[in-house]
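I opened a new page for this chain. I wanted its overall layout before any detail.

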Amino acid sequence: MKSLGLILLFAAINFGGLGLGSWLMGEGPSSEWYQNLDKASWTPPGWVFGLAWTTIMICFSVYLADLWSRPVSSSTYVLFVVSLALNISWNY
C-alpha cells in the first residue's frame, strides 16, 4: 500500500510538472506559427505526443516509487529535481 501511495505522489509531481509546462507553453502546438511550420512528412499527429508523455510519466512514477524504497545517493534525487525543472522550463 505504501508503494501505491508513492506512485501516486510521484505521478502527482510528474503530471503537475507537465501541467505547469503546458500552461507556460500558452497556445503552443495550436498556435498559427506551429501549424504553419514545414514539418517532416512522418511527424505523428498531436494525440501521439499526449499518449507518449502520459506513458512516460506513469512509468517514471513507478520507477521513482521503487527507487525511493532503496538506499540511493542524494545525487539521484538532485537529478530528479533537475529533470523536473528542465521538463517544465523548456516549454516557456
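Entry 1. I noted that the model is predicted.

Entry 2. I looked up the secondary structure and found four helices and zero strands in the chain. Read from the N terminus, the order of elements is α-α-α-α. I then checked how spread out the chain is. Its radius of gyration is 16 Å, while the globule rule gives 12 Å for 92 residues, so I wrote the chain down as more spread out than a compact globule.

Entry 3. I took the box along the principal axes, and the C-alpha atoms fill roughly 50 × 20 × 20 Å. I also looked up burial: 17% of the 92 residues count as buried.

Entry 4. I asked how far apart in sequence the contacting residues lie. Among contacts between residues at least 6 apart, 80% join residues at least 24 apart.

Entry 5. I turned to helix α1, residues 2-25, and helix α3, residues 46-68. Their axes come within 8 Å and cross at roughly 135°. That angle makes α1 oblique to α3. The crossing of α1 past α3 is right-handed.

Entry 6. Which residues meet between α1 and α3? From α1 I listed Ser 3, Leu 6, Ile 7, Phe 10, Ala 11, Asn 14, Phe 15 and Leu 18. On the α3 side they meet Trp 53, Thr 54, Met 57, Ile 58, Phe 60, Ser 61, Val 62, Leu 64, Ala 65 and Trp 68. I sorted the residues of this contact by type and got 14 nonpolar, four polar and no charged.

Technical notes. Residues are numbered from 1 along each chain as its sequence is written. This is a predicted model: local features need pLDDT of at least 70, side-chain atom pairs count only at pLDDT 80 or more; totals for chains, interfaces and linings use all residues. Side-chain values use heavy atoms; hydrogens and water are left out. Axes are lines fitted to C-alpha atoms, for helices over the stretch in contact, and angles run from 0 to 180 degrees between N-to-C directions. Helices (H or I, at least four residues) and strands (E, at least two) are DSSP runs, numbered from the N terminus. Angles under 35 degrees count as roughly parallel, over 145 as roughly antiparallel, 65 to 115 as roughly perpendicular and the rest as oblique. A crossing is left-handed if the near helix is turned anticlockwise from the far one by less than a right angle, and right-handed if clockwise. Contact means heavy atoms within 4.5 Å. Ala, Val, Leu, Ile, Met, Phe, Trp, Tyr, Cys and Pro count as nonpolar, Asp, Glu, Lys and Arg as charged, and the others, Gly among them, as polar. The radius of gyration is taken over C-alpha atoms; the globule rule is 2.2 Å times the number of residues to the power 0.38. Buried means under 20% relative accessible area, exposed over 50%, partly exposed in between (1.4 Å probe, protein chains only).
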